[in-house]
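Subject: Structure handover

Hi,

Here is the structure I promised to pass on. Please open it next to this message and follow along.

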Amino acid sequence: LMTQVCIIGAGPAGLLLGHLLRAEGVDCVVLERRTPDYVLSRIRAGVLERVTVELMERLGLDQRLKAEGLAHDGFNLADGERLIRIDMQELVGQHVVVYGQTELTRDLMDAREERGLEVIYETEDVTLHDVESDSPHVTYVKDGKEHRVDARFIVGCDGFYGPSRKAIPASVGQEFERAYPFGWLGILADVPPCNHELIYANHARGFALASQRSSTRSRYYVDVPLTDKVEDWSDDRLWDELAARLGPEAAAHMTRGPALEKSIAPLRSFVFAPMRHGSLMLCGDSAHIVPPTGAKGLNLAASDVHYAADALIRFFQKNDNDAVSAYSDTALSRVWKSERFSWSLTKLMHRFPEDGDFERKMQVAELDYIASSRAAQTSIAENYVGLPV
Ligand code: FAD
Ligand code: DHB
């Protein structure tokens, strides 16, 4: 098989990139290790920035997002009994949209046939070859047979554990990493949300987040030690813990229900640089991970794809290599700012086991400062709605 761009991974990054390239007449094929149902079963992000919404608009695939997505003008930081509301609309004139990663992925999947986007599912042993040359190729096994895709570019959209990043030699790449001593235990349930906007809480018992997918579906998280297992957390124990950490006001409005899904995700900050080596570009989680506190993971994948699509379209339509050459620097400059925001909000809202009284006083002082300063709130709002691309 010959194509212009071989995309590895059909998560949100790979599907978005594939559709953007097809819309401009660039040939591509997407290789995905899992089945479509498996990809849709992963419950992940829920908050979309403008960059992500605008890509769906540009593709004309935003009908359901427009109809079902919930525009949120503000969100809340809880400190004990107090709620600090960050009014994004008033402070920076923008909002975010609550719409699940699963729904976004489904919309992109459903449009494959109509838009002529070829995705090959259940590919095993995906291997990258000759990425330093102008004629790289990818091999994979499907139904027991080995296949080969020749392309001008390979784009790695294969998440943190995929093969693409590892195809860049250690001598040219650098990893920056920070691990956190806890994970987030998430629960999805068909119950109305406890509050019309999100609440991020820093409680003596630990972190909690009240989020939602719709007026009838809620998503909640608490932080737990990395040694905890999902089986340690019955639904009742988790609802009790959420009620305690979110505080009496939220608890009074919380409806409990059986878990549709329950899982633990470790928290990590990670950046790999450069994000391009020869004919291989990386987008999304394949190049970087943020702790989920700022709701940035999916949106950062979308902004990478925005830069990568524009660079590849310029390359194939105008024979102009400049944006491809600049891709890594362009993407990383936005990546590092999102890394900084996610790290700082994580530090502000979690109780770290190693922290003493001094660090706790610093958290209280920072929350007091945010509560009393429009400038501080504006900075948080500007980052939360998403920095410009
Ligand atoms: P992915 O969604 O990981 O997609 C990568 C795709 O590549 C997958 O479909 C995978 O099957 C495929 N792939 C992997 N290896 C291969 C291979 N060898 N061959 C072929 N295909 C391969 N962000 C938030 O903002 N809020 C959250 O609450 C949140 N929760 C998360 C929970 C978990 C458990 C994880 C892992 C992430 C979470 N994130 C969250 C982050 C967000 O979901 C990711 O940033 C986003 O999915 C990145 O999209 P992506 O397309 O880059 O990667
Ligand atoms: C959700 C996840 C996040 O990491 C976040 O910051 C906000 C919302 C969610 O899954 O709804």
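This is a predicted model: local features need pLDDT of at least 70, side-chain atom pairs count only at pLDDT 80 or more; totals for chains, interfaces and linings use all residues.

Residues are numbered from 1 along each chain as its sequence is written, chains are lettered from A and ligands numbered from 1 in the order in which they are written, and side-chain values use heavy atoms, with hydrogens and water left out.

Buried here means under 20% relative accessible area, exposed over 50%, and partly exposed in between, with a 1.4 Å probe and protein chains only. Helices (H or I, at least four residues) and strands (E, at least two) are DSSP runs numbered from the N terminus. Leaving aside residues up to four places away in sequence, Val-5 is in contact (heavy atoms within 4.5 Å) with Leu-21, Val-26, Asp-27, Cys-28, Val-29, Ala-151, Phe-153, Val-155, Leu-312 and Phe-316.

**H10 and its two partners**

Helix H1 (residues 12-23) and H10 have axes that come within 9 Å and cross at roughly 30°. For these values, axes are lines fitted to C-alpha atoms, for helices over the stretch in contact, and angles run from 0 to 180 degrees between N-to-C directions. H1 and H10 are therefore roughly parallel (under 35 degrees; over 145 is roughly antiparallel, 65 to 115 roughly perpendicular, the rest oblique). On the H1 side the contact includes Leu-16, Leu-17, Leu-20 and Leu-21, and on the H10 side it includes Val-305, Leu-312 and Ile-313. By class, this contact has 14 nonpolar, no polar and no charged residues; Ala, Val, Leu, Ile, Met, Phe, Trp, Tyr, Cys and Pro count as nonpolar, Asp, Glu, Lys and Arg as charged, and the others, Gly among them, as polar.

H10 also packs with helix H11 (322-349), at an angle of about 170° and with the axes 9 Å apart. That makes the two roughly antiparallel, and this crossing is right-handed. Among the residues that meet are Asp-304, Tyr-307 and Arg-314 in H10 and Tyr-327, Arg-334 and Val-335 in H11. The H10 and H11 contact divides into 11 nonpolar, four polar and four charged residues.

**Backbone details**

Between H10 and H11, the loop holds Asn-319, which has a positive phi of about 55° although it is not a glycine. Asn-319 counts as exposed, at 67% relative accessibility. Asp-130 likewise has a positive phi, near 55°, and sits in the loop between strand S9 (124-129) and strand S10 (137-142); at 48% relative accessibility, Asp-130 counts as partly exposed.

A cis peptide bond joins Ala-273 and Pro-274, with omega about 0°. Pro-274 is in the loop between strand S17 (261-273) and strand S18 (276-277).

Finally, helix H3 (residues 50-58) has Val-51, Thr-52, Val-53, Leu-55 and Met-56 buried, and just after H3, Gly-60 takes a positive phi of about 70°.

Cheers

Key
A crossing is left-handed if the near helix is turned anticlockwise from the far one by less than a right angle, and right-handed if clockwise.
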